[in-house]
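Hi,

Here is the structure I promised to pass on. Have a look at it first, and then read my notes below.

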Amino acid sequence: MPKVTINGRTVEVEAGTNLVDAAIKVGVQIPHYCYHPRLSVVGQCRMCLVKIDGMPKLQAGCSTQVMKDGMVVHTDVPEVEEAQRGMMEFFLINHPLDCPICDQAGECGLQDYSFKHGVAYSRFQYEDKRTYPGRERIPLGANVLLNMNRCIQCTRCVRFTEEVAGTGELGFFNRGARAEIGTFPGKELNNPLATCVVDVCPVGALTSTRFRFAERVWYLDKKPSICTGCEVGCNITMEHRRGDIKRYKPRFNVEVNDYWMCDYGRSTFERYKLTPRLTAPRLRAAGSNGNGHGYTFTSWQTALDTVHRRIQEAEGQGEIAILGSGFLTCEEAYLFAKLAEGAGTAQRPVPVDLGPEWKIPRHQRPPIKGREQAPNRRGAELAGLGGSAEDLLLGDAASRCAVLIVADSDFGQAAYSAEAVAKLRQAKFLVVFGWADSPLAQAADVALPVAHHGEKDGTFVNVEYRVQRFERAFPPPGQTRPAVEALGDLLSRFEEGWSNLTPGKVFDRLAGEIPAFAGLHWHDLPATGAALNVSGAAHNLSDQAAEAASEASS
Amino acid sequence: MAFERVLTRNVGKPEALTYKGYRQLGGYEGLAKALKMEPDAIIDEVKKSGLRGRGGAGFSAGLKWSFIPKGKDKPKYLVCNADESEPGTFKDRLLMEFDPHQLIEGCAICCWAVQANTTYIYIRGEYTKAAAILEQAIKEAYDAGVLGDSVMGSGFKLNMYVHRGAGAYICGEETGMLESLEGKRGQPRVKPPFPAVVGAFGAPTVINNVETLCNVPHIIERGADWFKAIGTDEKNTGPKLYAISGHVERPGTYEYPIGITFREMLEGCGGMLKGRPLKAFIPGGASAPILKADQIDIKMDFDTVAKAGSMLGSAAVIVMDDTTCMVRSVARLAKFFNHESCGQCTPCREGTNWMELMLKRIEHGEGTERDGQVLLSICGHIGGNSLCALGDAAIGPVQSLVKGFQDEIDRHIREKACPFPHRRYFEN
Ligand SMILES: Cc1cc2nc3c(=O)[nH]c(=O)nc-3n(C[C@H](O)[C@H](O)[C@H](O)COP(=O)(O)O)c2cc1C
Ligand code: SF4
Ligand code: SF4
Ligand code: FES
């Protein structure tokens, strides 16, 4: 591999690596706007100019590749710094400088590079700024808004729609100082990945309708998380202010979602705001019709005692069943599976809804696709749940149950359907865990408020059997507890050894027990997740995806 | 000055427009001879002749052809640059309108030399007449067997198409032209890769100017030594067309041996308009820095003009007398470059716009002391930093204005108006 020297530091890189990427390897940042690792190199913004020994002119770092040994590059010499100042001046002379009302402020490429490479005064004092009257807030599609005055004509957005989304709604029109981007006549930017153009836009020209004016970004707390929209499991950053989620942004994971995520996924947190929450354990008074009257709130202690007692008393009264959920973390599913084992029941299915096909493009490999509208059906089944939910949701299996435990009040659309709720309600005693106060939760004899995925740590296993960890972004409200804790307390009522559980402890226990997870530890799970060893493991999976995954890994 | 006209020898002979007439005038002899030569021998001959590109950059034509990879794994193309859009330039038009077969012959020889089977002549959109004449000539050439499946019976296949541009100067830049030819927005590509490797439709491509190609049949027919004998020295050879405009008695396209002095050229077109004194001249099109009257004896070849701090470029000579306001002239040029910038790269898009606004302001008498320095600084930020050469082109006139005519800028500032007697030029 050829060696290149950048600012005096030499590094070996793969032949064909461009200088922007090579510089990162030696800890040097070459400022760039138009370059994006997944988009074609166009060398347009000229922000990445560097000096190369033996070349008379400065060269664009993004379009210069290291092909053979001996290239000596400088980014900290006066010529380069002067050029950077020059480019920054050019970018700003016609920029509105409306940071105070711009969503991008705080994470803006213009602000950052001005600070680092620009000058603090303007020589553009007598001329009028170029503006694009009438193009200050143009909806390009349902989720993306364009303010042409802020655009720096880097064409990242155009190239994204052409090269990644493959939909090509955007074009670069006009020329010279009037050059602008926009949609082609009759087209709208409504492809499933549309909002990614907001992410690739280095400035505030493209903003997300969903996030617009929702929060100043410096007030946002950010945690690495996983999208729960579908089984693909796009890596995201969950961004919230004091527990109020403001947006999901894709988090780079070359194995899963690369730099992207779909617009549907970005909208899924709104569910947490639109659906009423369970915030305290709740008992349903005998004879209540379950329409919101006849409840008493209670303590976790009492609630869990009640559940414990009913399970113990169930013997001879009927069956016990657990209705799992594709939204459970692996750790929660594992604990529910232990509960099922203890109760001696095989009825523990994990129903999931099917959506349209979600498809996220990836680099140099086929896109990752998903249809299941939940992030972790596979993990839940590997952890010990599984089976057909048909009898419970469509048949009369619940009527034979002395105790039916629903693991997630929001497990799917059925939790909101009157017929399905009625079917489940046939159980003599209905226990519902969950964050959502869904109709199903309202029908429960005991409703137990547990954290949603922003409020807990855990792991999900995605469509390709990759286990990925996500972090708690903020604490659960009221008396809500992470389900792992609550389940630990419940299990402790039956036997020793389940107290003071944390997701980490549960994961390590599960990994010691379940072959697919063998060798994994909570604390050193790679940031990109770990591919599970599903081909060798005995598991109860029947779907094609499992076959595909084992084919792929063999 | 006595010399033999080469490129324009058929101008004024309407029969040259037809295939038959062109043959009778001795045409297609060069092609006939070339087809009997090895392709590499042609490249060597053209290299030896010292023929340099007439489109602006003055790059050795033979050398450029030699960059085309050998072998048949990909098709190869010749794209003839007939976009001719630089202000002051109107020489290719003459060649196409009066002697279309000469161009076809030159293209055919080039194609044989690099083994390309397709030529596109990318012609400026406004050149409707030239395009029609070329189309007609190409049709006749097909009928006569000069183009088509077997060029003059040699078995070499060659197709030729006229592709009309849609009105953008930037489509004269070679990679902008390729984009436009491929049906995309005409904007330059990053280089490398160069067109010789990845050109039209991803295949190796030669791009040459009309005049460059028109020289080729004569080189083949009469030999590199004959060609080299014309001109200043080894590196500046052959006949050259100069498009002379401005304050002269008889503006027009003139053919001279390359390296004729500006003074002789001026005499050849009847001298200064109404005998007024020469103030300045642009030796090579809108992008060439302006030369002052004291350079009147300069030899008009590539290297001498470059040494004087300007460039021969497309050899569009614009002559200005003492009534010319340099600020206004340069402001007009700046307006052109701002209008024609493709807008993809930052220094050119923003810089040309800023320069135009600033020069207009100075012309309107609203300049400040500092403007000259700021202009130079903008030029410094554009120069060498833009993606294509349009950015570099745009700064030539501006730099020469500030460096050579600072006194005129100062008068505009001091008098708070243009000191020259004319209407305010820019109303917008
Ligand atoms: C902005 C710009 C405009 C150009 N316009 C023309 C043109 O109209 N005609 C032309 O022959 N060359 C033009 N050129 C030069 C071409 O890029 C290229 O160098 C030339 O066609 C090569 O042919 P030659 O080697 O025969 O000169 C232009 C270059 C630039 C940068
Ligand atoms: S809108 Fe944003 S991404 Fe698109 S060209 Fe403008 S600055 Fe670049
Ligand atoms: S220098 Fe001007 S014309 Fe050339 S690529 Fe840049 S913006 Fe376009
Ligand atoms: S990042 Fe290199 S030119 Fe834009």
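**What I found**

Let's start with a proline: B:P193 sits in the loop that runs between helix 8 and strand 4 of chain B. (Helices, H or I with at least four residues, and strands, E with at least two, are DSSP runs numbered from the N terminus.) Bear in mind that this is a predicted model, where local features need pLDDT of at least 70 and side-chain atom pairs count only at pLDDT 80 or more, while totals for chains, interfaces and linings use all residues. As for bookkeeping, residues are numbered from 1 along each chain as its sequence is written, chains are lettered from A and ligands numbered from 1 in the order in which they are written, and side-chain values use heavy atoms, with hydrogens and water left out.

Back to that loop. The peptide bond between B:P192 and B:P193 is cis, with omega about 0 degrees. Another cis bond links B:K191 to B:P192, with omega about -5 degrees. B:P192 is in the loop between helix 8 (174–181) and strand 4 (205–209).

Two other loop residues of chain B have a positive phi without being glycine. B:Q115 has phi near 60 degrees, and its loop connects helix 6 (100–114) to strand 2 (118–123). For B:M152 the angle is about 45 degrees, in the loop between helix 7 (128–143) and strand 3 (159–164). (Buried is under 20% relative accessible area, exposed over 50%, and partly exposed in between, using a 1.4 Å probe and protein chains only.)

**Domains of chain B**

Nine residues of domain 2 touch twelve of domain 3, where contact means heavy atoms within 4.5 Å. Together these two domains bury about 870 Å², and carbon and sulfur atoms give 76% of that. (Buried area is the accessible area, 1.4 Å probe, that two parts lose on being put together, summed over both.)

**Chain A**

Chain A has 16 helices and 26 strands, and its C-alpha trace spans about 90 × 50 × 40 Å along the principal axes. Of its 554 residues, 58% are buried. Looking at contacts between residues at least 6 apart in sequence, 65% join residues at least 24 apart.

The domain assignment here gives domain 1 (3–76) and domain 2 (276–450 + 478–503). Their C-alpha centres lie 54 Å apart.

**Where the chains meet**

How many residues of chain A are in contact with chain B? There are 35, and they meet 35 residues of chain B. The two chains bury about 2,900 Å² between them, 51% of it on carbon and sulfur atoms. A:F90, A:R123 and A:R175 supply 27% of the area that chain A buries against chain B, more than any other three residues.

Cheers

Key: Domains from an automatic or database assignment.
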